[in-house]
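The following exercises concern a predicted model. Each task is followed by a worked solution.

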Amino acid sequence: MGLNEFWFLLIAVLWIGYFFLEGFDFGVGILTKVLARNETERRVLINTIGPVWDGNEVWLITAGGATFAAFPEWYATLFSGFYLPLLLILVALILRGVAFEYRAKRDEERWKRGWEQAIFWGSLVPAFLWGVAFANITRGVKIDANKEYVGNLLDLLNPYALLGGVVTTVLFTFHGAVFVALKTNGDIRARANALAGKVGIATAVLAAAFLIWTQAQHGNGRTLAALIVAVLALVAALAMNRIGREGWAFALSGVTVIAAVAMLFLSLFPNVMPSSLDSAWNLTIHNASSTPYTLEIMTWVAGFMTPIVLCYQAWTYWVFRKRISTKSIPTKPAFGAAAADLVGK
């Protein structure tokens, strides 16, 4: 395996890790408006992801940085062509992060409701737009001979991409519902389990349609294997959720996310952004990459830093592994305390 192939693989792994981890906390953010019935239950949901949501976003920063350094032509074309969707994602993520920290800074009802809206929309918008973006990358976009995007916003809003956005939204919501069932006790756990079953059925139908469409248009033997794994894992996750085995259900919903994202990258390789105008203008792992020396230096840095980051994040999840419930939430939070500060108290 050459360095070009290695960095394509590593970037794929980073995006898979991001969607696996950020996927469930996007789902939890969406569920604050769907599952929670009152103020205390919203605080329970927020506290399930309070200690980990910012660590999950490290995967996005790393994936973006790795793409910029390893495949600058890919990064430049992607960010110029998808400027508006990526800007909306960035704004949504900023507002969402601020909302987690500021929601409990004041005790006024209007203040809290405003930040809860930011958490909901800051979770829903990226969950949808990431699906739209990656579906367009897989489908191919208008790239000319100069490696520049020459399409417009409406070109990105095609049926395949919009279906991709709907699929990531419902899949992340299902992933989040299973996570809530895994991390909570009491009535909210039972309702999360029931909701996961309903959302999971819709997810299975929509995801199957999208993945089969992807296989028909861009597939090969490797993508077919990933499709089969994704479908079987989702069915198994629904079965485990139905019998109350939340740990297995969450692991299997995670496998579904992993296999689905892997399928998209497998359909791309060796391209990184196909051109819908002429296949000769495709951006590939070779014509979009940095110099071999740059890739070599990056490989040494990644080899040293990646295990440290993985160990730290695994430790965080281990520390905050216990379930919580409405009984874990104080009647009134300490004035000025951030939501994440209440976890475990």
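**Exercise 1.** State how many aromatic pairs the whole structure holds, and which residues the ring pairs link into a cluster.

*Solution.* Step 1: a search of the whole structure gives 31 aromatic pairs. Step 2: ring pairs join F8, W15, Y18, F19, F26, W130, F134, F172, F265 and F269 into a cluster. Step 3: a charge over a ring is treated separately. R321 lies over the face of W318, 3.8 Å from the ring centre.

**Exercise 2.** Describe the largest pocket by its volume, its lining residues and the helices that supply them.

*Solution.* Step 1: the space in the largest pocket is about 500 Å³. Step 2: this pocket is lined by 23 residues, of which L60, F79, L86, L90 and W130 are the closest to its centre. One of these, W130, is also a member of the aromatic cluster. Step 3: at least two lining residues come from each of α4 (58-70), α5 (72-81), α6 (83-102) and α7 (109-139). The most, 7 residues, come from α6. Step 4: by class, the lining of the largest pocket comprises 19 nonpolar, 3 polar and 1 charged residues.

**Exercise 3.** Carry out the corresponding analysis for the second largest pocket.

*Solution.* Step 1: its volume is about 380 Å³. Step 2: there are 16 lining residues, and those closest to the centre of the second largest pocket are L10, L14, T62, A302 and T306. Step 3: α1 (3-31), α4 and α13 (292-319) each contribute at least two residues to the lining, and α13 gives the most, with 7 residues. Step 4: the lining of the second largest pocket has 13 nonpolar and 3 polar residues, with no charged residues.

**Exercise 4.** Locate T32, decide whether it is buried or exposed, and identify what its side chain contacts.

*Solution.* Step 1: T32 sits in the loop between α1 and α2 (39-49). Step 2: with a relative accessible area of 6%, T32 is buried. Step 3: a polar atom of the T32 side chain lies 2.5 Å from the backbone oxygen of G29.

**Exercise 5.** Examine the backbone geometry at K147 and at the bond between F269 and P270.

*Solution.* Step 1: most residues other than glycine have a negative phi, and most peptide bonds are trans. Step 2: K147 has a positive phi, near 65°. The residue K147 is located in the loop between α7 and α8 (153-156), and its relative accessibility of 24% makes it partly exposed. Step 3: the peptide bond that joins F269 and P270 is cis, with omega of about 5°. P270 is placed in the loop between α12 (246-268) and β1 (271-273), while F269 belongs to the aromatic cluster of Exercise 2.

Conventions
Residues are numbered from 1 along each chain as its sequence is written. This is a predicted model: local features need pLDDT of at least 70, side-chain atom pairs count only at pLDDT 80 or more; totals for chains, interfaces and linings use all residues. Side-chain values use heavy atoms; hydrogens and water are left out. On a 1 Å grid over the protein atoms alone, a cavity is a set of points where a 1.4 Å probe fits but cannot get out, and a pocket is an open set with protein on both sides within 12 Å along at least five of seven lines; lining residues have an atom within 4 Å of a point. Grid points are joined across faces, edges and corners, and a volume is the space filled by probe spheres set on the points. Helices (H or I, at least four residues) and strands (E, at least two) are DSSP runs, numbered from the N terminus. Ala, Val, Leu, Ile, Met, Phe, Trp, Tyr, Cys and Pro count as nonpolar, Asp, Glu, Lys and Arg as charged, and the others, Gly among them, as polar. Rings of Phe, Tyr and Trp (its six-membered ring) pair if their centres lie within 6.5 Å; planes under 30 degrees apart count as stacked, over 60 as edge-to-face and the rest as tilted. A charge sits over a ring if NZ of Lys or CZ of Arg is within 6 Å of the ring centre and within 35 degrees of the ring normal. Buried means under 20% relative accessible area, exposed over 50%, partly exposed in between (1.4 Å probe, protein chains only). A polar contact is a pair of N or O atoms within 3.5 Å; within protein, one must be able to donate a hydrogen and the other to accept it, and residues adjacent in sequence count only if both atoms are side-chain atoms.
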